[in-house]
Amino acid sequence: MSAEATNPATPGPITPAAQRRRGRPRIDLRRLGRAALLGPAARDRLPDAIGHVVEAHRAHHPDADLDPLRRAYVLAESSHRGQMRKSGEPYITHPLAVTLILAQLGAETTTLTASLLHDTVEDTEVTLDQVREEFGEEVRYLVDGVTKLEKVDYGAAAEPETFRKMLVATGSDVRVMSIKLADRLHNMRTLGVMRPEKQERIAKVTKDVLIPLAERLGVQALKTELEDLVFAILRPGEYARTRELVVENSSRADDPLAEIAEEVRAVLREAGLQAEVLIRPRHFVSVHRRSLKRGEMRGADFGRLLVLVNEDADCYGVLGELHTCLTPVVSEFKDFIAVPKFNLYQSLHTAVARPDGQVAEVLIRTHQMHKVAEAGVIALGNPYASPAEEQTDGDGTRPADGERADPTRPGWLSRLLDWQEAAPDPDTFWSTLREDLAQDREITVFRPDGGTLGLPAGASCVDAAYALYGEDAHACIGARVNGRLARLSTVLSDGDTVQLLMGQDPASEPSREWLEHAHTPVARIAITRWLAAHPASAAPSEAPAATRRPAADGPAARPAAADVVVDRPGATVRLAGCCTPVPPDAITGFPVRGGVVTVHRVECAAVERMKGTGRAEVEVRWGDTSECRVTLYAESFGRPHLLADLTEAIALEGVAIVSATVEPPSQQRVRHTYTLELPDAAHLPALMRAMRNVPGVFDVSRAQHQSATS
């Protein structure tokens, strides 16, 4: 029950942050309390107590039907009558304040109706069936979702599992969380007379969970005020110093930000661009972060310039004029219009500098972008029911059954709903959730088919594989990033193109070392579950000891000589181990001690070195080429049974394996070295093709030791 919130007029550590928002209209709770005690209004007019809500709602939705609001208020007021907040006001003032917050952000009528009723089922005799009968299934669904959230005891041992249920409700309809966030904001505004330890507990959960959720839902207006309220409670000393900086700056005689704003207006007027230029003061947490980054704060650091235009193209026109006529700080430019943030945010970010060193950050966006930037998913209205669905029932409500389609749900929320089902236990879910919410930036990578994939910053190819294929990613054997072969551990950057290489073996297994490179919950949980279910399984990129073949002729074994004709009577011919020439390679020879001539491929690096030192060449040519020995390197991604598959492919080509070694895996990549006896040297290209066709093998090459000497 939210009735433990207290009088906002009561002194407390959060009061200055609340007082700072002078431009935001607030409910006069005492006046509304008196209005509530007088009872509901006549059926033919709106109650005076919801006048503030109606005014804010009509500003965003001038044609909205206000009758549901009137009926919801009458039900809520009569149900809560006699209940009081700790401060002494009638309890109805709380749902009124929560509804006003949402109305100011542009929430549609259904959300406001549910907001007025959000505590009735939890705290009064009103039932969900009654809500459905009076207001339809949509409102009932929202009230039920918020009621479940109210049962979350953030200090209880059952918190993780309860919060998991809360997120499932949120995923079904993000408006549930919108109401919860507004509810938490009003309670935080009125937290002043609670015991300090209780203030701190509520503020900490708000910081760890609800503020990141507000960020992901894009509701910046709620997020920034919650940040300031939490900042004041958890870090009162730094809050006080930041407040002093803000007060000191506001008393300055000059305002460099206002002067830069006037310059910007003049530039845009001269260019014929219609735009509104506003100064947006930074909230306290932003000022604090800025001071840590900048050191000494200057006048232009206490706010930003906001340029609002009508069309997307005008945003880039404004940007061009500012960069042409003023001095841009190029490193500050970001384009979140072409690539929106994961929470729907769109804007151009830049900065301009004055000769005196003052730098002003500038945000450029359309009016619609600004609405979404402030209100996030709240600005989307009701994105769930199609017009056809809304017309199905006679009372205009959406049917109770059927899938709730949500084409606008943020990608992070879809991913969260996927991995929370796979979390093995509540503690894993809770720790993973907090880690996931700590990711404050998302990147967009592209698939070869042109589709996109949203991932948290720092994600690797492992994360991309599990985000795209789920547990089928166990079969991933490698990746190409921007067209180049890459390790699965490769960290992806915004705008990369990623192609994931999947093996065909149904028994494919994830590598244990993948956990070191998995940053997303869906990847870590899937890999951990597989490893827990297969504790005896060897890491797939390591060949079992029994299958590793020792070098038959020892580590220094050299290929046997094919028939090479040398124009030097009595000379012994030896094929160089650095390049292992075989017919029909172009070859050359060099005499060494003991009357031996070593034969190299002409492109061997050792040839150039010996020529550079003045060594004389000996003419050599191939004679009988029926048999030869060659050393090949096979580069592969780690997967189960790879050594067996390669060995089988070589045997099917009729080639004998003299020796085979497998190096320890590194970054999911494995190097195999084979010394092979070919019955016919001309068959070498076909052999190398057959080895490359083995799933997981991405390259096969001839031995070429750059440091080899004759």
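## Burial and the model

A residue counts as buried when its relative accessible area is under 20%, and as exposed when that area is over 50%. The structure described here is a predicted model.

## Cysteines

A disulfide is a covalent bond between the sulfur atoms of two cysteines. The search of the whole structure for such bonds returns zero disulfides. For Cys461, the closest cysteine sulfur belongs to Cys476 and lies 7.9 Å away, which is too far for a bond.

## Helix H15

Helix H15 runs over residues 256-270, 15 residues in total. From its first C-alpha to its last it reaches 21 Å, close to the 21 Å expected at 1.5 Å a residue.

At the start of the helix, the backbone nitrogen of Leu257 has a side-chain oxygen of Asp255 within 3.2 Å. After H15 comes Gly272, which has a positive phi, near 75°.

## The two faces of H15

The buried residues of H15 are Pro256, Leu257, Ile260, Ala261, Val264, Val267 and Leu268. They lie on the same side of H15, because the arc they cover around the axis is only 140°. The face turned away from this buried side carries Arg269 and Glu270, which are exposed.

Note on methods: Residues are numbered from 1 along each chain as its sequence is written. This is a predicted model: local features need pLDDT of at least 70, side-chain atom pairs count only at pLDDT 80 or more; totals for chains, interfaces and linings use all residues. Side-chain values use heavy atoms; hydrogens and water are left out. Helices (H or I, at least four residues) and strands (E, at least two) are DSSP runs, numbered from the N terminus. The expected span of a helix is 1.5 Å times one less than its number of residues. Buried means under 20% relative accessible area, exposed over 50%, partly exposed in between (1.4 Å probe, protein chains only). The arc is that of the directions from the helix axis to the C-beta atoms. A polar contact is a pair of N or O atoms within 3.5 Å; within protein, one must be able to donate a hydrogen and the other to accept it, and residues adjacent in sequence count only if both atoms are side-chain atoms. A disulfide is a pair of cysteine sulfur atoms within 2.5 Å.
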